[in-house]
Amino acid sequence: MVTVSIGKKDGKSDQDVIVVRGPSTEVDRIVPAILQVVEDAKNDDIVNGHVVEFSVEKRHVPHLVGQAGATINKLRESLGVRVNFDDESETDVKKASKKPMVTCKIVGRKEAVEEAKQRLLAQVERLADETTEVITIKRALHPALIGSSGKYAIRLEEKYGVKITFPRDAKDGAEQKSTQKPDEVVIRGGKKGVAGAKAELLEAAEFEKENNQSTTFNVPTAAVARILGKAGANINAIKDDTGAQIDVDKTSEKETAITLKGDKQAIAAAKASIQSIVAEVGDRKEDNITIPNKFVCRPVCMKVVC
């Protein structure tokens, strides 16, 4: 039976002594194995003991670490390095910068450590360049800017590398808890990308504003039949000629509301056409005449000239 014990050589030395007791043949076999383990440990410490330290702003650390440490854990798994963040002393911070700083320490193989450092510094650079812009766009225009299934907004995000947030509708009558106002659109990302996305969104909003206008006015209900025409011939012709969308909604026996949608030019042309028909109907005059009964049954030949 062989026993192995580890202890200090003396009370003052920082070196440990390994004592192996047992049959000489077993001791001779075990000692070289122990010495090899010690040598491997030394080599491992040399190979995997490369250390790099650098400072980053404290506000960036949560982004570098990731939710529940996901980002930093992925870095550790892929490169086999150890990464720690430690607050710098107040004295060091005052000397270097007024911003709260943190020391990032990376330990591992030299190549892996340098790669990890480059990745973290690249992420810090992106975070330092990150900005947030809030622009005001009328809520009525948001659906067109978001696009079907969010396609237009997603295209802008991918094109400029940004995140675009539109206000969300409250559900089940609950009030929206976000501080984002109903007519605010938030763009977050790199300064250049945010500027590009902002310019394109505002341009698209202006286009929608000019081309998706609406106006409502009333006409006499008596004129609606003429406005529509037989089987809708008149109103369809106005739609085709002007490009405006026309909705007719009878509000009462005397008046009917007509809503026009489209750009300014289309709406103006459609409204002028409809009002022209209304004017024609208004110019008609109706009068009643009395014919004696003795003339009613007698054949009469009449010629009407308009």
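This is a predicted model: local features need pLDDT of at least 70, side-chain atom pairs count only at pLDDT 80 or more; totals for chains, interfaces and linings use all residues.
Three strands make up an open sheet with the order 6-8-7, and their pairing is antiparallel. Its edges are formed by strand 6 (130-136) and strand 7 (162-165), each of which pairs on one side only. On average, neighbouring strands of this sheet are turned by 15° against each other, direction ignored. Strand 7 is joined to strand 8 (residues 184-190) by four bridges, and these two strands run antiparallel. Across this pairing, Ile 164 stands opposite Ile 187 of strand 8.

Two helices can be described against this sheet. Helix 8 (residues 191-211) packs on the sheet and touches strand 6, strand 7 and strand 8; the direction of helix 8 makes about 150° with that of strand 8. Helix 5 (residues 110-129), for its part, lies across strand 6 and strand 8 and runs at about 30° to strand 6.

Strand 7 also takes part in the largest pocket, where strand 7, helix 6 (142-146) and helix 7 (151-160) each supply at least two residues of the lining. The largest pocket holds about 330 Å³ of space. Its lining consists of 15 residues, and those nearest the pocket centre are Ile 146, Thr 165, Phe 166, Pro 167 and Arg 168.

Finally, the aromatic rings deserve a brief word. The structure contains zero aromatic pairs. A charge does sit over a ring, however: Lys 271 lies over the face of Phe 217, at 5.1 Å from the ring centre.

Notes
Residues are numbered from 1 along each chain as its sequence is written. Side-chain values use heavy atoms; hydrogens and water are left out. Rings of Phe, Tyr and Trp (its six-membered ring) pair if their centres lie within 6.5 Å; planes under 30 degrees apart count as stacked, over 60 as edge-to-face and the rest as tilted. A charge sits over a ring if NZ of Lys or CZ of Arg is within 6 Å of the ring centre and within 35 degrees of the ring normal. Two strands pair if DSSP finds at least two bridges between them. Axes are lines fitted to C-alpha atoms, for helices over the stretch in contact, and angles run from 0 to 180 degrees between N-to-C directions. Contact means heavy atoms within 4.5 Å. On a 1 Å grid over the protein atoms alone, a cavity is a set of points where a 1.4 Å probe fits but cannot get out, and a pocket is an open set with protein on both sides within 12 Å along at least five of seven lines; lining residues have an atom within 4 Å of a point. Grid points are joined across faces, edges and corners, and a volume is the space filled by probe spheres set on the points.
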